[in-house]
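Here is a short briefing on one protein structure. Please look at the sequence and the model first, then read the points below.

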Amino acid sequence: MSAGILAIDVGGTGLKAAVIDDTGKLLSERARVPTPHPCPPALFVETLAGLVAPLPAFDRISIGFPGVVREGKVLTAPNLGTDDWAGFALTEAVSAKLGGHPARMINDAEMQGFGIIKGEGIELVVTLGTGCGTALFRNGELMAHMELAHHPIHEDKTYDEWLGRAAMDEAGKKHWSKRVHKMIEILFVLLHYDHLYLGGGNSKHVQGDLPPNVSIASNEAGLEGGAALWRAPKAV
């Protein structure tokens, strides 16, 4: 029997981790610590090591990271408050720090999406948290990453600026919810998705009736989705 997969969900406000099995079922309690700010890579790796120390054995590592990532390296980390991340080989560093176990990494919204989707048709996941993340799937297959977080949505404001946590706190939940509904309309015109899932810690604050093909998803799926990274040699 496999020792399990260490799933790591990196957020702008919190780092979460748990050990899961090959189906995404939790084999441990979820551990969480606040994300340091600023959070340069070396501090991140040290904080992560302390977080996972009490967890049971694992032999693989899955990382969901809030930014653009490619081939184990971070290209952007807009919510971690440092420019030191550009080009940083995070999977290599985490693997070396945590016993040499192999590590794989995708965008955090995409990892959460793997824990949410049903694998039927065009499914879109939007995470509402510190920023605004997106993941697009077609019949369960992950499509190319879209960094909509930094694309304009309203006048000169990006998705992050118009829908992120700071925007919700400033505008109030009622007005912010109207923005979310506007985003839902825009993304349907853009993608004609079969279903849209709203995830992330702030999705629970969305007010008003949602269209039939839009639903609120569990924010805990960010860890369970880590199993998908190891279902095939080139799953992501």
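The axes of helix α1 (residues 41–52) and helix α2 (residues 90–97) come within 10 Å and cross at roughly 40°. That angle makes α1 oblique to α2, because angles under 35 degrees count as roughly parallel, over 145 as roughly antiparallel, 65 to 115 as roughly perpendicular and the rest as oblique. This is a predicted model, in which local features need pLDDT of at least 70 and side-chain atom pairs count only at pLDDT 80 or more, while totals for chains, interfaces and linings use all residues. Residues are numbered from 1 along each chain as its sequence is written, and side-chain values use heavy atoms, with hydrogens and water left out.

**How the helices are described**

- Two packed helices are described by the angle between their axes and the distance between the axes.
- Axes are lines fitted to C-alpha atoms, for helices over the stretch in contact, and angles run from 0 to 180 degrees between N-to-C directions.
- Helices (H or I, at least four residues) and strands (E, at least two) are DSSP runs, numbered from the N terminus.

**Where α1 meets α2**

- The crossing of α1 and α2 is right-handed; a crossing is right-handed if the near helix is turned clockwise from the far one by less than a right angle, and left-handed if anticlockwise.
- On the α1 side, Phe 44, Val 45, Glu 46, Leu 48 and Ala 49 meet Leu 90, Ala 93, Val 94 and Lys 97 of α2, where contact means heavy atoms within 4.5 Å.
- By class, this contact of α1 with α2 has 7 nonpolar, no polar and 2 charged residues; Ala, Val, Leu, Ile, Met, Phe, Trp, Tyr, Cys and Pro count as nonpolar, Asp, Glu, Lys and Arg as charged, and the others, Gly among them, as polar.

**Salt bridges**

- The count comes to 5 salt bridges, each being a side-chain nitrogen of Lys or Arg within 4 Å of a carboxyl oxygen of Asp or Glu.
- One of them joins Lys 97 and Glu 46 at 2.8 Å, N to O.
- This pair links distant parts of the chain, with Lys 97 in helix α2 and Glu 46 in helix α1, 51 residues apart.
- Lys 97 is partly exposed at 39% relative accessibility, and Glu 46 is partly exposed at 47%; buried means under 20% relative accessible area, exposed over 50%, and partly exposed in between (1.4 Å probe, protein chains only).
- Arg 60 forms a salt bridge with Asp 22, the closest N and O atoms being 3.0 Å apart.
- Arg 60 lies in strand β4 (residues 60–65) and Asp 22 in the loop between β2 (14–20) and β3 (31–34), so the pair ties together parts that are 38 residues apart in sequence.
- Arg 60 is buried at 13% relative accessibility, whereas Asp 22 is partly exposed at 41%.
- Arg 60 also forms a salt bridge with Asp 59, with the closest N and O atoms 2.8 Å apart.
- Salt bridges that share partners join Asp 22, Asp 59 and Arg 60 into one network.

- Met 105 is in strand β7 (residues 103–107) and is buried, at 9% relative accessibility.
- Leaving aside neighbours within four places in sequence, Met 105 is in contact with several residues, including Ile 63, Phe 65, Leu 90 and Leu 229.
- Glu 71 is 34 residues from Met 105 in sequence and 7.9 Å away in space, C-alpha to C-alpha.
- Glu 71 has a positive phi, near 50°, in a residue other than glycine, and is exposed at 80% relative accessibility.
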